[in-house]
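These notebook entries record what I looked up in one structure.

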Amino acid sequence: MRILISLLLATSAIAQVGPDYERPETVTPPNYKSAIRWRETRPLDSLPKGDWWRVFGDAKLNVLMERATAHNQTLKAAVARFDQARAGTGIARAAFFPSADINAVITTQRTSPNMPSAFPLGGLHYVGPSYNVPIDFTWELDLWGKIRRQVESARADASAAASLMQNVLLGMHADVATNYFRIRALDGELQTVRAAVGWRKQALDIARARVKAGAGSELEQAQAETEVATAEAEVSALQNQRDQLENGIALLTGTNPSAFRLGGNASFLPTPPGIPVGVPTDLLERRPDVAAAERALASATAQIGVVKGNFFPSIKLIGHGGYLSGDSANLFEVSSLNWNVGPSISVPLMAGGKTRAASERSRAAHDEALANYRQAVLVSFSDVENALAALRNLSTQAEAQHRARDSAQKAAEIAHARYEAGTSPYLDVIEANRSLLATQRACATLAGQRLIASVSLIKALGGGWDQSLPVTVPVATADPAARGSTAEKKGFFTKVKGWFKKD
């Protein structure tokens, strides 16, 4: 018996069915289309690379990021999913070890005098209590590595959950930064349009005065009134957009929108920071969504081995022992002992094709995970290329737009001077002012778009630039109603003690 057990344990340590995981090869380009323009060594080395938003130098944005990390509900759900996956690893690993439990049973019974017996019962039967206190022992030997593959799959799932958690964190931070910079761009537009309302009202006052003095026409006055009303309508439209973005940031920071206010600040729009792109293969390590897809592929590969193990016999060491008596007084005497121990061998013979179908399904799941991984890699490269192109094109567009704004400013000054001199109609002033307002608003919009494109590039690169940073669980504010909060993490005996504490 000892020789058999030693042989089984030795076999268990060697045999392992199913394929071993190897990361699939991916074709990566040697560099990005726009990498030469944007490649740098290290921007702002003194700043922590994990808090990538600090490169913008905006204190209010930093506060919003901290609030979002602590209170965002979607992030809390992602952390909880990661905790579930970690617990799942512990559940899978527990299958390596024996399990034992006590199943105490107290019954009143009547035996049958006609039950099978090695000797004639002659109508004898038993009516009365039965006390049974056994210990059941089970240990499945991992002969073919099925349990090891299950643990391997669970660990890969936990790693994927960690990457997905980081992906939620990165996406949440990017959404906060994007909405914030959109609000700041709208603040710039609002400042411009409100200023336009002011000087258009001044132009309306001048037109009214000219009509009253007989030097102007009612047409000029009506045109001036139209321009004022149009600008005031634009203020309301821009304010509506700002309110919606403000509510969006409130949700991201886990705050009730009714209690959230973000003050206006049109004067501060930072210059887009220089961002090191690195080589394209860095994305395979940096992007959390790519890492999650790769870990999901590893889990699916291990599941093939789990299913394949069902084709082979399984051996369990089982044991049952304890005390059995019809009288509680002598229940724990030596004579009341009963036990049995031995191996249980299960050999699969027929399952109606279920096992083979499960194997085909596991291989199809592997192929799906492989396709998802390759797609995630392609998407990551596409995101970086799009962000780089946006930064390059928006920079060129902003330079041209600034020249257009300067020219529109000069044209507006000339048209206003000619109108006051009586050499040009008021329509020229209206057109010049409209062009100036449009170019000023376009400059504010482009400034925000360039910052948003920088955020998109940071997100596309996986956030941060230090690959040595470990994966950490965000420090979020615990929900008092959450069962996993520290308030609920009390041992059984600690709770029992609390029941007997004096008030």
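**Entry 1: the chain as a whole**

I counted 11 helices and 5 strands in the protein chain; helices are DSSP runs of H or I with at least four residues, strands are runs of E with at least two, and both are numbered from the N terminus. The model is predicted, so local features need pLDDT of at least 70 and side-chain atom pairs count only at pLDDT 80 or more, while totals for chains, interfaces and linings use all residues. Residues are numbered from 1 along each chain as its sequence is written, and side-chain values use heavy atoms, with hydrogens and water left out.

I found that 38% of the 503 residues are buried (buried means under 20% relative accessible area, exposed over 50%, partly exposed in between, with a 1.4 Å probe and protein chains only). I then looked up contacts (heavy atoms within 4.5 Å): of those with a separation of 6 or more, 83% join residues 24 or more positions apart.

**Entry 2: aromatic rings**

W52 and W53 form an edge-to-face pair, at 5.6 Å centre to centre and 80° between the planes. Both W52 and W53 are buried.

I also noted Y323 and F332, whose ring centres are 5.2 Å apart with planes at 65°, so this pair is edge-to-face. Y323 is partly exposed at 25% relative accessibility, whereas F332 is exposed at 56%. Finally, I recorded one aromatic cluster formed by F56, Y180 and F181.

Notes. Rings of Phe, Tyr and Trp (its six-membered ring) pair if their centres lie within 6.5 Å; planes under 30 degrees apart count as stacked, over 60 as edge-to-face and the rest as tilted.
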